[in-house]
Amino acid sequence: DRLKEDDSIIADHYNSATVLFADIVGFTALSEQVTPTELVNYLNQLFSAFDDLAEKHGLEKIKTIGDSYMVAGGFPEPNEDHAHDVSMMALDMLSAVVKFNDETKNTLSIRIGIHTGPAVAGVIGIKKFTYDVWGDTVNTASRLEHAAPRGGILISRDTYRHVRGLFEVEPLEPIRVKGKA
């Protein structure tokens, strides 16, 4: 509606949001073993399950990038439970991959990174509008995904502060994350 009313940039600042990045481990190897059509069908099946989970948890799917999936909570409608909701989705995503593997006889897994902090979300550009999110929170979630173990979820200290006592969390030794002290 805002795009229809005004052609200026749409960007809203959120003081607190939670961003999740997930990457499919083993997808490149799978792409060498199946036809392109089978590959796209597998990806569609898995990402459709993730889309259902985003809806179930009241989250905003931001985008897919190849075999990566990005979802966020806390906007466009502010929600104080966004870190919990995103964390619940992460756990459900792990289960969805197990179910996918059982149904398709594959051995894929995912790595998930989650970070909570301020973000800007909106729509920019003049063609192929998409709702997107920007900021250090996004970058940190992405870097945590890269550092996460296969089949695991890596959350930041900031996300932990929001979900402490709600989940069983195993503390790790500090890890180096690109661009972070």
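Analyst: Let's start with charges: Lys and Arg count as positive, Asp and Glu as negative, while His and the chain ends are left out. Each charge sits at NZ of Lys, CZ of Arg, CG of Asp or CD of Glu. Mind that you're looking at a predicted model, where local features need pLDDT of at least 70 and side-chain atom pairs need 80 or more, but totals for chains, interfaces and linings take in all residues. Numbering starts from 1 along each chain as its sequence is written, and side-chain values use heavy atoms, without hydrogens or water.

User: How many positive and negative side chains does the protein chain have, then?

Analyst: There are 18 positive and 27 negative ones, and the centres of the two sets lie 6 Å apart.

User: What radius of gyration does the protein chain have?

Analyst: Take it over C-alpha atoms, and compare with 2.2 Å times the number of residues to the power 0.38. With 181 residues, that rule puts a compact globule near 16 Å, so the 17 Å of the protein chain agrees. Its C-alpha trace spans about 50 × 40 × 30 Å along the principal axes.

User: And how many helices and strands are in there?

Analyst: Six helices and six strands, taken as DSSP runs (H or I, at least four residues; E, at least two) numbered from the N terminus. The order is α-β-α-α-β-β-α-β-β-α-β-α.

User: Which way do β2 and β3 run?

Analyst: Pairing takes at least two DSSP bridges. Strands β2 (residues 60-65) and β3 (residues 68-73) are antiparallel, joined by five bridges; K63, for one, is partnered with M70 in β3. Two residues separate the strands of this hairpin, where G66 has a positive phi near 65°.
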